[in-house]
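Please keep the sequence and the structure at hand while reading.

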Amino acid sequence: MFDYFFWNVKDIPPGHTWKLYGIEHITWLIIIGLLTYYFCKKFKNSNKEQQDRILRNFAILIVVQEIVKNILHIYAGSFTLENLPFHLCGLSIFFVVGYVIKPNKLNEQYLYALCLPGALLALLFPDWTNYPIMHFSSINSFTIHGWLVIFSMMLLTSGRIRPNFKDLKYTAIFILIYMIPIYFLNKMWNTNFMFINTPSPGSPLVIIHDIFGPFYIPALICIFMILWFIMYLPWELSARRKS
């Protein structure tokens, strides 16, 4: 089962990968779902001091795991520029730490508007199916995205963060500015951070790319705006009813 745990993916013989929505994938989704329910319930029933401790422990876990992941990739001889934390979920690590140090409108809305949907989409449409299911990279990818989902959901379900259209502008402006250098870094380094140059194989981004072609990036921005509208509308309607 762990025969290829530390192997470079290029050296792993064919036939040791797993399929999208196969039994292994479904099992991981169920485990992450159960962990999310457990921690959200535990977090909501905790006092402020206990909640802060839980968030701090999750932030430490996420940062340490990211460092260990890169060390293991170096050990396996598979470390590339693509392993740098410049993807959406890699960037989310900094916002998790930022929230633990000092919550503000930017990191609060980022965790809901980008970290949560980004991590969920990564779990639903993973791009690490070329690794064996019991490879360190597969385990890391499932768990790190799971931690990001749990962290964001604990804050959301407890009311520690509240989606707000007015505050979303800080996150929107930040990510639009961030995409500019990332686009050119992808060109220079032959990487695909944020999947803004080419879509992640097997994900809905492929459909968007096939439909819009050279207008893939503007279409991606528009679709995220629609997604945000859907995500924020219930909260806005609820706030208006209360007022």
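A residue is called buried when its relative accessible area is under 20%, exposed when that area is over 50%, and partly exposed in between. The model treated here is a predicted one.

**Exercise 1. Determine which residues of helix H2 are buried, and what covers them.**

**Exercise 2. Check whether the end-to-end distance of H2 agrees with its number of residues.**

Solution. The expected span is 1.5 Å times one less than the number of residues, so that the 29 residues of H2 should span 42 Å.

**Exercise 3. Describe how H2 packs against H3, giving the angle, the handedness and the residues in contact.**

Solution. Two packed helices are described by the angle between their axes and by the distance between those axes. For H2 (residues 48-76) and H3 (residues 88-101), the axes come within 9 Å and cross at roughly 150 degrees. Since angles over 145 degrees count as roughly antiparallel, H2 and H3 are therefore roughly antiparallel to each other. The crossing in which H2 passes H3 is left-handed. On the H2 side the contact is made by Leu 55, Arg 56, Ala 59, Ile 62, Val 63 and Glu 66, and on the H3 side by Ile 93, Val 96, Val 97, Tyr 99 and Val 100. Sorted by class, the residues of this contact between H2 and H3 are nine nonpolar, no polar and two charged.

**Exercise 4. Carry out the corresponding description for H1 and H5, and say how the two helices are oriented.**

Solution. The axes of H1 and H5 come within 9 Å and cross at roughly 30 degrees. Angles under 35 degrees count as roughly parallel, and H1 and H5 are therefore roughly parallel to each other. Their crossing is right-handed. From H1 the contact draws on His 25, Trp 28, Ile 32, Leu 35, Thr 36, Phe 39, Cys 40, Phe 43 and Lys 44, which meet a set of H5 residues that includes Ile 139, Phe 142, Thr 143, Gly 146, Trp 147 and Val 149. The residues of this contact of H1 with H5 divide into 14 nonpolar, six polar and one charged.

**Exercise 5. Describe the packing of H4 against H5, and give the classes of the residues that make the contact.**

Solution. Helix H4 (residues 105-124) and H5 pack at an angle of about 145 degrees, and their axes are 9 Å apart. The crossing of H4 and H5 is left-handed. Among the H4 residues that meet H5 are Leu 111, Tyr 112, Cys 115 and Leu 116, while the H5 residues taking part include Phe 142, His 145, Gly 146 and Leu 148. By class, this contact of H4 with H5 has 15 nonpolar, three polar and no charged residues.

**Exercise 6. Find where Tyr 21 and Phe 195 lie, and state the phi value of each.**

Solution. Tyr 21 lies in the segment before H1, and its phi is near 60 degrees, a positive value in a residue other than glycine. At 39% relative accessibility, Tyr 21 counts as partly exposed. Phe 195 lies in the loop between helix H6 (165-189) and helix H7 (204-212), and although Phe 195 is not a glycine, it has a positive phi of about 55 degrees. At 21% relative accessibility, Phe 195 counts as partly exposed.

**Exercise 7. Is Leu 205 buried or exposed, and which residues beyond its sequence neighbours does it contact?**

Solution. Leu 205 lies in helix H7, and with a relative accessible area of 19% it is buried. Leaving aside neighbours within four places in sequence, Leu 205 is in contact with Phe 195, Pro 199, Ser 200, Tyr 216 and Leu 220.

Key
Residues numbered from 1 in each chain as written. Predicted model: local features only at pLDDT ≥ 70, side-chain atom pairs only at ≥ 80, totals over all residues. Heavy atoms only, no water. Axes fitted to C-alpha atoms, helices over the stretch in contact; angles between N-to-C directions. Helix = DSSP H or I, 4+ residues; strand = E, 2+ residues; numbered from the N terminus. Parallel < 35°, antiparallel > 145°, perpendicular 65-115°, else oblique. Left-handed = near helix turned anticlockwise from the far one by under 90°. Contact = heavy atoms within 4.5 Å. Nonpolar A, V, L, I, M, F, W, Y, C, P; charged D, E, K, R; others polar. Buried < 20%, exposed > 50% of the residue type's maximum accessible area, 1.4 Å probe, protein only.
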